[in-house]
Amino acid sequence: MNNNYYAVLMAGGVGSRFWPVSTLENPKQFHDMLGAGKTLIQKTFDRLNRFIPTENILILTNERYNDLVLEQLPQVTQEQVVLEPAMRNTAPCILYASLKIQKMNPNAVMIVAPSDHWIEDEQAFEDNVKACFDKCEKEEVLCTLGIQPSFPNTGFGYIEFEKGSDANLKKVSQFREKPDYETAKEFLAQGNFLWNAGIFMWSVKTIVNAFKAYQPEQYDLFQTGISCYNTSEETAFIAENYPKAKDISIDYAILENSQAIFTLPATFDWNDLGTWGALYDKLDKDEAKNAVVNSKTLLQDAKGNMIRSPKGKIVVVDGLEDYIIVDKEKVLLIFPKSKQQDIKLVLNKVKDKFGDEYA
């Protein structure tokens, strides 16, 4: 393995659209959502660990998930778990992790990747990341993996790249916000738009210089702790200073400012597993298009349902079509797939009526 290869695994999200399985105390990345025998964070770690040394993979997460990370990834040390004492979006935590890595190895190239996505062809993923790493080692550029759109999705941001180049890596023109349906159709018709999967690669030198140029206050704040990073003094420095960081995403902080961004159209299938419906799309189905995780089922006149329960529980469904049926300890959710985006709103109503213990 290349000892200059590093990874930062983003594992701090809550995944509220996967309620009631995903909760504030135990979010979706720590669950076996696919019924595959491994949690999403375990599968993501293994995928990166194919070509990145174990000790070079950092897990960026909230303090409340420290024990979950160590329990599910016993091969990592406490020093590899980078804890955020406050929620400040993606830019501050990426800068913090980048400075830590730069201090370990100034020649490092790194990938920043979500911990809860579905990727099937792991060899293609490895090849794509290495192609970006090669460019990042030779040039001062920022790279991202873009996903070929399969339909005009309004739930993702898009990457617009320059037309006319035969190179595998395309120069990015601009990042586009989540569009409405008609705009998304126009993007697909133009042919030079990709979904933004939030998978980034760069050298530590390049990303740190980008923060220095485009976010000087953030850079100054975190740079003052450089002597503390990777030492026993780091925790105290971060506890005092991290809450002072500006709440801003890496997209707004860096990517929308840089003129040296390239995207590689991914050659692997990808799903962000952002909703129960997205999970349904990736699961095996029976003849009536029902997808079942863990349950023993007796189904009659039931079509197109997403069914999940504790392992071995018997679930009987009669006369339901295109529903999400999720049973978890204190909560049973029976909800139309067509309204899956509203689960987040339902969760807030449940909290208001019954208390945070159900969230």
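Let me start with Lys 130, which is partly exposed at a relative accessible area of 29%, where partly exposed lies between buried, under 20% relative accessible area, and exposed, over 50%, with a 1.4 Å probe and protein chains only. Its partner Glu 126 is buried, at 9%, and the two side chains meet in a salt bridge at 2.8 Å, N to O, a salt bridge being a side-chain nitrogen of Lys or Arg within 4 Å of a carboxyl oxygen of Asp or Glu.

A word on conventions: this is a predicted model, in which local features need pLDDT of at least 70 and side-chain atom pairs count only at pLDDT 80 or more, while totals for chains, interfaces and linings use all residues. Residues are numbered from 1 along each chain as its sequence is written, and side-chain values use heavy atoms, with hydrogens and water left out.

Both Lys 130 and Glu 126 sit in helix H4, residues 122-138, four residues apart, or about one turn of the helix; helices (H or I, at least four residues) and strands (E, at least two) are DSSP runs numbered from the N terminus. The pair also belongs to a network of salt bridges that includes Arg 47, Arg 50 and Glu 122.

Elsewhere, Lys 330 and Glu 357 form a salt bridge at 2.9 Å, N to O. This one links distant parts of the chain, 27 residues apart, with Lys 330 in the loop between strands S16 (323-328) and S17 (331-336) and Glu 357 in the segment after helix H11 (343-354). Lys 330 and Glu 357 are both exposed.

Over the whole structure, the search finds 14 salt bridges.
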